[in-house]
Amino acid sequence: MTREDRNVLREVQKNAQMGLEAIQTIGEKVYDDRLMLDLNRQALKYTEYRNRARGMLQEAGERPGQASSVGTGMLKAGIHMNTAMNKSTSHIAELMIQGSNRGITDMCKAVNHNDTAGKFAMEIAKELMDFEEKSIERLKQYL
C-alpha cells in the first residue's frame, strides 16, 4: 500500500468518524422522528465506510488513526453553540448539510492531493463523496 493510499484511507476514516460524532451529538436535539431515522441510517453508512477504511489500513499493517480530540471537541462545541437557540428540524438539517459539504471538500482535497492512490482507496473515497451528496439531497426535504 502506497503512502497516497494510506492518506486517502485515513481521510475516509476521519471523515466518516466526524459524521458519526456529529450525528451522535446532534441526535439528542432532534425532535422529528423522520429526521432521526434518516440520521440513524446515515450513521450506519458512516460506520461502514469508517470500518472499511480501517480494515484496509490494518490489512496493510497500519495502525488506524484516532479522531483528534481537539477536532471532536470543536465539532461538539460548535453543534451545541449552533443549537442553543434553535433546535428546529430545518436548522438541524442545515447544520448537517454544512457538515456534509465540508466532508466532501476534505475528501476532494485528499483525492486531488493523492491522485496516484490505488483503485481501492480511490473507490471508497468516491463512494463516500457520493454518499455525502445523496445525504445532502435527502436532508434538503427538511429545510
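Guide: A nonpolar core is a set of buried Ala, Val, Leu, Ile, Met, Phe, Trp, Tyr and Cys residues joined through side-chain atoms within 4.5 Å. Buried means under 20% relative accessible area, exposed means over 50%, and partly exposed lies in between (1.4 Å probe, protein chains only). The model is predicted: local features need pLDDT of at least 70 and side-chain atom pairs pLDDT 80 or more, while totals for chains, interfaces and linings use all residues. Numbering starts from 1 along each chain as its sequence is written, and side-chain values use heavy atoms, without hydrogens or water.

Visitor: What makes up the largest nonpolar core?

Guide: It has 38 residues. Val12, Ile26 and Leu39 have the most contacts inside it. Contact here means heavy atoms within 4.5 Å.

Visitor: Which elements give two or more residues to this core?

Guide: They are α1 (3-27), α2 (33-59), α3 (69-83), α4 (89-113) and α5 (119-139). The largest share comes from α5, with 9 residues.

Visitor: What does leucine 39 touch?

Guide: Set aside its neighbours within four places in sequence. Leucine 39 is then in contact with Ile23, Ile26, Val30, Met96 and Leu139. Ile26 is also one of the residues with the most contacts inside the core.

Visitor: How many helices and strands does the protein have?

Guide: There are 5 helices and 0 strands. Both are DSSP runs numbered from the N terminus: H or I over at least four residues for helices, E over at least two for strands. From the N terminus on, the order is α-α-α-α-α.

Visitor: Why is the protein called as compact as a globular protein of its length?

Guide: Set the value against the rule. The radius of gyration, taken over C-alpha atoms, is compared with 2.2 Å times the number of residues to the power 0.38. For 143 residues the globule rule gives 15 Å, and the protein's radius of gyration is 15 Å, so it is as compact as a globular protein of that length. The C-alpha atoms fill a box of roughly 45 × 30 × 25 Å along the principal axes. Buried residues make up 43% of the 143 residues. Among contacts between residues at least 6 apart in sequence, 83% join residues at least 24 apart.

Visitor: How do you know that the span of α5 is close to the expected one?

Guide: The expected span is 1.5 Å times one less than the number of residues. α5 has 21 residues and reaches 30 Å from its first C-alpha to its last, close to the expected 30 Å. Its buried residues include Ile124, Leu128, Phe131, Glu132, Ser135 and Leu139. What covers the buried residues of α5 includes α1, α2 and α4.

Visitor: Why is α1 described as largely enclosed?

Guide: Count its buried residues. They number 18 of 25, so α1 is largely enclosed by the rest of the structure. α1 reaches 36 Å from its first C-alpha to its last, close to the 36 Å expected.

Visitor: Why is arginine 10 called partly exposed?

Guide: Arginine 10 is in helix α1. Its relative accessibility is 32%, so it falls in the partly exposed range. Arginine 10 touches Leu57 and Glu62, not counting residues up to four places away in sequence. The C-alpha atoms of arginine 10 and leucine 57 are separated by 8.0 Å, though the two are 47 residues apart along the chain.

Visitor: Why is serine 100 called buried?

Guide: Its relative accessible area is 2%, so it falls under the cut-off for buried. Serine 100 is in helix α4. Beyond four places in sequence, serine 100 touches Gln42, Tyr46, Glu132 and Ile136.

Visitor: What makes tyrosine 46 and phenylalanine 131 an edge-to-face pair?

Guide: Rings of Phe, Tyr and Trp (its six-membered ring) pair if their centres lie within 6.5 Å; planes under 30 degrees apart are stacked, over 60 edge-to-face, the rest tilted. The rings of tyrosine 46 and phenylalanine 131 are 5.4 Å apart, centre to centre, with 90° between the planes, which is edge-to-face. Tyrosine 46 lies in helix α2 and phenylalanine 131 in helix α5, so the pair ties together parts that are 85 residues apart in sequence. Both residues are buried.

Visitor: Why is the pair of tyrosine 49 and phenylalanine 131 classed apart as tilted?

Guide: Their centres are 5.8 Å apart and their planes are at 45°, so the pair is tilted. Tyrosine 49 is buried, at 7% relative accessible area, and phenylalanine 131 is buried at 9%. The count comes to 2 aromatic pairs. Ring pairs link Tyr46, Tyr49 and Phe131 into a cluster.
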